[in-house]
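Colleague: I'm new to this one. Could you walk me through it with a few questions and answers?

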Amino acid sequence: MTLPLLLLPLPGRASGTPSLQVLHWWTSAGERHAAKVLAARLGDEGITWQDAAIPGGAGLGAGKVLRSRVLAGDAPDATQIIGVSIGEWAELGLLLELDGVANAGNWNKALFPTVRELVRHRGHVVAAPLGIHRINTLFYNRKVFARLNLAPPSTWTEFEQAARKLRAAGVAPLVQSSEPWQVATLFENLLLATGGPEYYRELFVRQSPQAAADTRLAQALQRLRGLKAWMLNPAEEQPWTEAVKRFGRGEAAMFVMGDWAKAELGELGYAIDSDFSCVALPGTDNYHLYSVDTLAMFVNDYSRQGAQEKLAKAVMSPLAQQQYSAAKGSVPVRRDASQATMDSCARSSWRGFARGAASQAPSLVHRMAADEESRDAIIAEIHRFYLDDSMAPAETQRRLAGLLRTLNFRSHKQGSHHGAQDPDRR
């Protein structure tokens, strides 16, 4: 299937001015707003942002287009690359080193330590970080909850109690999609709630086959199956943007998704702390399941290096960080960011991430925890379990243990290492 490249109207276009083509997967309304923010800040530097947007949830389409373009010798000037993929591209020698920009901007001090390590490879800065997303976010409809005199759940017992009252009132408790990446996003939330960050890392970052036999994995699988009973059409595949619309319209009272859904709700005209609010998923209040947006620059022939460095500088400016995160639903990567401009969800996310590595968990689904092969294979197993109600959790545990043994064997054979965001392996 050929994936379309969307040229979105963005500010700053002018003939005869320097330009950079930026490949990314920001195609929802909130994401387009965030891209326009970055384009405007690049325009302040006298450079036009040429937008190459590839549709597809979780960046699946964009990854394919990027690989094909690089193989064809037509790499974009800049591209959205996140997580473990940054190191993989850098290892090939294809990414521009941004040490000069980082040193001049004192990134070493400005960035949270986890983000600082994420954009480094072999001692060099190879990407510009944009924003931090919190994925363990439970959105709830404030008006529905107020009408039924419900408080947002902080425990699973409270969640079940609220779900029963919502169902009795004729409101679906939860809207989710059966798309594989969305199912796996829900599951990694449940695993964090059940096992905490250390066990989460053991399974998804270190990829321990022994961790797959743990009862905490069985509990998370059981909870995933149990949640299906509370969902609006649990077997229905729909884009995350459609699930956001259904939640906004009040078709369901709760929704588990990364905080980018907050930005989408805002674009649809719904107001935070009036129409909806968010809390951490029950059992994860002290944890931060994260994904970090980043831009990397391809070396090509170095003819665009000056403009690429200006892009890296521009997106790390305090103004761009604040504006981008407000539009995208994320929080700034800068430790000196002002909380005064953040909404209630953002403040909770920013403070949670600031607690440090012990409370952080890198998202598997959103490429923070493992390479593409591992990610895709684990998602497939979780999705298989979700679709087949006859499959016992123990069977999925056995399948995952076998899968992790195979992945570990390949990793050791190739001399590679998973888990760039595991502090125990740095």
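Colleague: Is Cys278 buried or exposed?

Modeller: Keep in mind that this is a predicted model. Cys278 has a relative accessibility of 17%. The cut-off for burial is under 20%, so Cys278 counts as buried.

Colleague: And what about Cys345, buried or exposed?

Modeller: Same cut-off here: under 20% relative accessible area. Cys345 comes out at 7%, so Cys345 is buried.

Colleague: Which residue forms a disulfide with Cys278, and where in the chain is that partner?

Modeller: Sulfur atoms within 2.5 Å make a disulfide, and here the two sulfurs are 1.8 Å apart. The structure holds 1 disulfide. It links distant parts of the chain, 67 residues apart, with Cys278 sitting in strand β11 (residues 276–280). The partner, in helix α15 (residues 344–354), is Cys345.

Colleague: Switching to helices, how do α9 and α10 run, roughly parallel or roughly antiparallel?

Modeller: Helix α9 (residues 180–204) packs with helix α10 (residues 215–227), their axes 9 Å apart and at an angle of about 160°. Angles over 145 degrees count as roughly antiparallel, so α9 and α10 are roughly antiparallel.

Colleague: How many residues of the contact of α9 with α10 are nonpolar?

Modeller: On the α9 side you'll find, among them, Leu186, Phe187 and Leu190, and α10 brings residues including Leu217, Ala220 and Arg223. The contact also has 3 polar and 2 charged residues, and the nonpolar ones number 12.

Colleague: Last one: what is the handedness of the crossing where α9 passes α10?

Modeller: We're still on the pair with axes 9 Å apart. Where α9 passes α10, the crossing is right-handed.

Conventions: Residues are numbered from 1 along each chain as its sequence is written. This is a predicted model: local features need pLDDT of at least 70, side-chain atom pairs count only at pLDDT 80 or more; totals for chains, interfaces and linings use all residues. Side-chain values use heavy atoms; hydrogens and water are left out. Helices (H or I, at least four residues) and strands (E, at least two) are DSSP runs, numbered from the N terminus. Buried means under 20% relative accessible area, exposed over 50%, partly exposed in between (1.4 Å probe, protein chains only). Axes are lines fitted to C-alpha atoms, for helices over the stretch in contact, and angles run from 0 to 180 degrees between N-to-C directions. Angles under 35 degrees count as roughly parallel, over 145 as roughly antiparallel, 65 to 115 as roughly perpendicular and the rest as oblique. A crossing is left-handed if the near helix is turned anticlockwise from the far one by less than a right angle, and right-handed if clockwise. Contact means heavy atoms within 4.5 Å. Ala, Val, Leu, Ile, Met, Phe, Trp, Tyr, Cys and Pro count as nonpolar, Asp, Glu, Lys and Arg as charged, and the others, Gly among them, as polar.
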